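This report looks at charged pairs and at one helix packing. Start with the side chain below.

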Amino acid sequence: MKKDLSNAPELLVVKNLRKWFPIKKGLFSQTVGHVKAVDDVSFTIRKGETLGLVGESGCGKTTAGRTILRLLDATGGSVMFEGKDVLAMDKKELRKLRKDMQIIFQDPYSSLNPRLTVGQMLTEVLHVHEISEGEAAQKEAGDILETVGLRKQYYNRYPHEFSGGQRQRLGIARALAVKPKFIVCDEPVSALDVSIQSQVINLLQDLQKEFGLTYLFIAHDLSVVEHISDRVAVMYLGKVAEIADYKELYKNPAHPYTQALLSAVPVPDPKNKSKRIILTGDIPSPANVPGGCYFHPRCPKVMEHCKTVPPVLAEVAPLHEVSCLLYPTSVPEGSAVPPASQAA
Ligand code: SF4
């Protein structure tokens with residue numbers, strides 16, 4: 001059963017976040033354009049909530065997660081964490097923030113130091129963040145291992161001695177060691193077998209309950225985030241196409257892109273023969289985004305004005321926002337869009 005978060009305070013507020021990478025050319029490395037990896041992204045996450053962030057490879061979801069944590073410098077917008085402006089923090093403030101905001105990476109092996117034993121890795125984290133030292137740190141490291149479902153006896157093992165699923169548990173242990181409030185889970189199960197994926201997702205859910213954690217859960221597959229998310233945001237080419245409560249999004253997807261992604265999710269009921277929507281064409285380059293709606297070159301419901309009028313993300317139902325000109329709320333003020341073309 002999902003949680004009731006209606007009275008929970010807002011922990012993270014992201015507004016108009018942009019991360020553009022300059023394209024440099026020529027002898028003097030002049031900037032000739034930008035790769036718009038994240039372009040005007042806004043959302044809020046409440047304390048104890050999990051927001052799933054989904055989209056195809058290259059849609060900007062990982063860049064968004066890293067920019068929120070200040071692992072990448074933002075080009076514009078704002079990120080407020082517990083009311084504090086993350087993008088304006090100096091080094092000292094950021095160091096403190098690292099304790100509250102953590103990340104779990106997709107590839108657990110490359111994110112673990114192969115020369116450190118598990119115990120050394122965890123005690124180092126506890127030492128750097130001034131949480132505990134010496135024997136107290138060793139005891140705490142052993143306890144953290146048990147919390148993530150690993151034996152204390154693994155303390156002296158090296159990362160290469162663990163399986164893929166166990167390594168991801170180590171990645172979770174390292175993030176958990178500093179007692180964070182918020183974790184960006186960056187495709188934490190994408191590299192794992194399906195059977196192990198559900199174990200890791202269940203572990204993350206148990207830890208959320210036990211420690212009151214808040215997650216931004218990034219994945220390229222809607223079926224993965226369904227189980228863990230309270231709300232889901234769908235990204236396309238650096239922008240949020242749709243954001244809604246997970247049940248609402250899965251039952252009533254409003255954006256043609258979400259509808260296509262959902263049609264690709266396998267359904268266990270053999271009587272349910274819903275038709276798969278195949279998107280034609282490749283995702284355009286974020287260095288050369290199409291005019292109007294970014295999705296128009298691939299959209300099965302494209303209209304003439306989609307090529308020139310950029311839709312805005314707006315509510316189509318309570319707590320359900322979509323960015324598509326089929327809905328009158330998404331039509332920017334002053335744009336001439338024929339009303340007959342709209343769906344609602
Ligand atoms: Fe498709 Fe037009 Fe809606 Fe974009 S605005 S998703 S092109 S219908």
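## A buried arginine and its partner

Arg298 is buried, at 7% relative accessibility (buried is under 20% relative accessible area, exposed over 50%, partly exposed in between; 1.4 Å probe, protein chains only). Glu56 is partly exposed, at 23%. Their side chains meet in a salt bridge, 3.3 Å from N to O (a side-chain nitrogen of Lys or Arg within 4 Å of a carboxyl oxygen of Asp or Glu). Glu56 sits in the loop between strand S3 (50-54) and helix H1 (61-68), and Arg298 in the loop between helix H9 (256-263) and strand S11 (314-317), so the bridge ties together parts 242 residues apart in sequence.

The model is predicted: local features need pLDDT of at least 70, side-chain atom pairs count only at pLDDT 80 or more, and totals for chains, interfaces and linings use all residues. Residues are numbered from 1 along each chain as its sequence is written, and side-chain values use heavy atoms, without hydrogens and water. Helices (H or I, at least four residues) and strands (E, at least two) are DSSP runs, numbered from the N terminus.

## Other salt bridges

The count comes to 12 salt bridges. Glu187 and Lys61 form one of them, at 3.5 Å from N to O. Glu187 is buried at 7%. Lys61 is buried at 5%.

Lys181 and Glu82 pair at 3.1 Å, N to O. Lys181 lies in the loop between helix H5 (164-176) and S7, Glu82 in the loop between strand S4 (76-81) and strand S5 (84-85), 99 residues apart. Lys181 is partly exposed, at 32%. Glu82 is partly exposed, at 32%.
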